[in-house]
Amino acid sequence: MGGRGRSRTQRKHFKQNRENVWKRSKSDALQPSEDDNNNKNDTNNPSWQPFATQNAAFDDYYKEQRIVAPEEWDTFNEFLRKPLPAAFRINSSGQFCSDIRLQLENDFVKSLQAELTDEGETEAIRTLPWYPENLAWHSNFSRNQLRKNQTLERFHEFLKQANEIGNITRQEAVSMVPPLFLDVHPDHYVLDMCAAPGSKTFQLLEIIYRSNVPRSLPNGMVVANDVDVQRSNLLIHQTKRMCTANLVVTNHEAQNFPGCHLNKHRPLATNGAAKMLNINQLLFDRVLCDVPCSGDGTLRKAPDLWRKWNAGMGNGLHGLQLQIAMRGISLLKVGGRMVYSTCSMNPVENEAVVAEVLRRCGDSVELVDVSNELPQLIHRPGLRKWKVRDKGSWLASYKYVPEHRKSAVTPSMFPSESSANSSDDSHEHVLEEMQEDGANLESVHGFQLTTSETKPASQVMEVEVSSLPLERCMRIVPHDQNTGAFFIAILQKRSPFPVVQEKIDSVCSHLHHRNGEPPEALSGEVTKSENKSEICPEDGAEELLIGPTGDANSVDKEPHEDALDDERCQLLEENGSEDQQADCSKVTDAKKAGAKRKLQIQGRWRGVDPVILFKDETIINRIRTFYGIDGFFPLYGHLVTRNIDNNHVKRIYYISKAVKDVLELNFQIGQQLKIASVGLKMFERQTSREGNSSPCLFRISSEGLPLLLPYITKQILHASPVDFKHLLLYKSVKFADFVDAQVGEKASELMMGCCVVVLREAGQPLSDSIEVNSSTIAIGCWKGRSNISVMVSEIDCRDLLERVVRRFGIEDVSPIQEKKREEDTFLTQEMEKTQSLVAENDVMMEDMNETKVQNEVDDPEEV
């Protein structure tokens, strides 16, 4: 039923993960194709035959749109059919960032050179020249090569381990570009509207932490949103590697992301008086609007798209993309910046959306020229003219759209909307002129031409050219730097949205007519500025500006009566006279009781654990006392749980001040935000038998230790590099088995429960206090009755062990190693004895068999 119906269908396709495997699925292999007939010799294993990388509709569409110059088409087409090289990014805020970069430069760059097979490349792996500080790397091996090539196994294992821990993020190169143009600062509030699977969210968090003091929290935060719960779980898994307290993950439709606005007309969710909040509305300094798209820019890593692609995919998503972009602009602060991006090459999904946003917002939003930034990134300017393909016919303007297709093809899809306002008479006049010029009317509507002399409709129609500066948009094409394709536009909000006077009058007229009152003119309804009438977005102006995109792709539904009351009251609150405000308050007061009940119900998100501020002073004070946490580190008011019952709390999460302010606002407005994940896991209940005997039931989690370490004064054990290595290697060490006897003695003096073992630099006396800095390495352990046990995951232990050995070059001289050597020697001796006995037994059996055979030969009758 038009564009919206197809949008929903397309979104279901995005739930399926596309692997970077150039092969057919088994179900596809069972269906014969032309390529199967041409490659009969390769049918031994049909499930591994490559995809057919041909689509005539794709070629015709993008040749007509002139995505690249005609002389570049063959090169462009060739690169689209090559597997995409792998790329990854080093976590700039990670503790071992420098170590990993040196390992890549000094080890893998040289060792992998012999495996290079691409004649167009001179290096096996190299840095991406446009990414700051050599943190992003390009590998000239596809993911399939890394998995299958045995000689690349060590490099592949390095990538998997580093990615799992969070030291690197495996991400397509062009996907790293949008966050760089957001110009994020440590104190910014950032919204990632369509965040899953989370690579860009992780990158945004890196940027926020990059210029911050090590082991401290920035003043900003990131809200990562995605509508799909399953994809949100992947998003949470990705971002957990960052170990951050400045992140909130939400589940909302991006186009309907809550405004979270506190005003006097909105009743509070609490019974008491309104609490003084640091923020009254959730607005953002930066918004990343990486919208769902047809994804044809990812053909190199998802070749299954070749057989699925059609022009209707982009048309069907255009309305949803426009809704999301407009919602992102409305959530942006004045002076803020939004990046709109897609992994599609289709101008209907790209320039058309940007152009419509600019038209609706007027001078309030500017398309920013960033062509001088990242000079080593090769990109093309945006298009200013394009056509729309619908049902096999080309449409150069909305005035050529048949009546029965206007529910699917909207004015916002075209470069200019001037023709969209034409009346039916003018539309008929245009068609008459075309007939006079020799064009058949039916050809315009996409039917067969009646005569061979008539020109095709695409040649008759006059192609529109946008008057907007769309050349400031950026297009990245595969053959420029051996990447995927991408589209990026940077929008800046220069001023609040202008009020459309006619729409305000229409709202007020509707209200008066409904109440049986004559419409009245509003006097002084808009505050005059030096330039023109304007109103802040929190007063509802953005809803008035968004407007419809067509019958099927409308951004806003018909306003409900209560919504109309709220819009009118918000406008009059700021701009109306006292009498008008009093008249409006009568309507508001009559709805307060019902609204309170609605807000309370709204806060109970089905299937999502509640977010509860943890305020149990007994447990908090016990934790602070046991670990000797400095009073400068704020605990009270910064701890949350997902369990209402404090007696059964398993995990306690830590949140930054920015996240705390957002949660407090969310509590006051009835929990409009559906929060899937929040905060950094700081403390975890120890449920073992020894844990119950500890003075403190909560241990410090591995994720929270780096943040808390500078403020801990108790339960700390300083270990030498050798002892630290043994802890990582054997997971548990008895007090008597420490190489440094003083370390074992100190360990025995600790209280039962969680402790922190800090790596002491070689040669540093044990008694010296170690100053915690960005290079300090520490792990969480458990002090038992006779030993110290590591409480770190296996993969983290393996990675830390490698870092410690690389940094210190340790030799094993401990009692543990001696015992292990003795056990190995004993086992070897026993195996040798066993093998010797087996050999002797074999000899005896052979002798007996020979004797028996000889007897048979000498006296066969006796036998």
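The paragraphs below take the cores and then the sheet. The model is a predicted one.

The largest nonpolar core holds 91 residues. Those that touch the most other members are Phe-284, Met-338, Tyr-340, Val-354, Leu-491, Leu-663 and Val-678. Helix 13, residues 312-330, gives the most to this core, with eight residues.

With its neighbours within four places in sequence left aside, Leu-663 is in contact with Val-611, Val-640, Ile-655, Ile-675 and Val-678. Val-678 is itself listed among the core residues that touch the most other members.

Strands in a sheet are paired by backbone hydrogen bonds, in a parallel or an antiparallel sense. Here five strands make an open sheet with mixed pairing, and their order is 22-24-25-26-23. The edges are taken by strand 22 (716-719) and strand 23 (732-734); each has a single partner strand, so one side of each has no neighbour in the sheet. From one strand to the next, the twist averages 30°.

The partner of strand 22 in this order is strand 24 (residues 753-759), and the two pair in the parallel sense over four bridges. Within this pairing, Ile-716 has Val-756 of strand 24 as its bridge partner.

Helix 28, residues 741-749, lies across strand 22, strand 25 (778-783) and strand 26 (787-790). Relative to strand 22, helix 28 runs at about 170°.

Conventions
Residues are numbered from 1 along each chain as its sequence is written. This is a predicted model: local features need pLDDT of at least 70, side-chain atom pairs count only at pLDDT 80 or more; totals for chains, interfaces and linings use all residues. Side-chain values use heavy atoms; hydrogens and water are left out. A nonpolar core is a set of buried Ala, Val, Leu, Ile, Met, Phe, Trp, Tyr and Cys residues joined through side-chain atoms within 4.5 Å. Buried means under 20% relative accessible area, exposed over 50%, partly exposed in between (1.4 Å probe, protein chains only). Contact means heavy atoms within 4.5 Å. Two strands pair if DSSP finds at least two bridges between them. Axes are lines fitted to C-alpha atoms, for helices over the stretch in contact, and angles run from 0 to 180 degrees between N-to-C directions.
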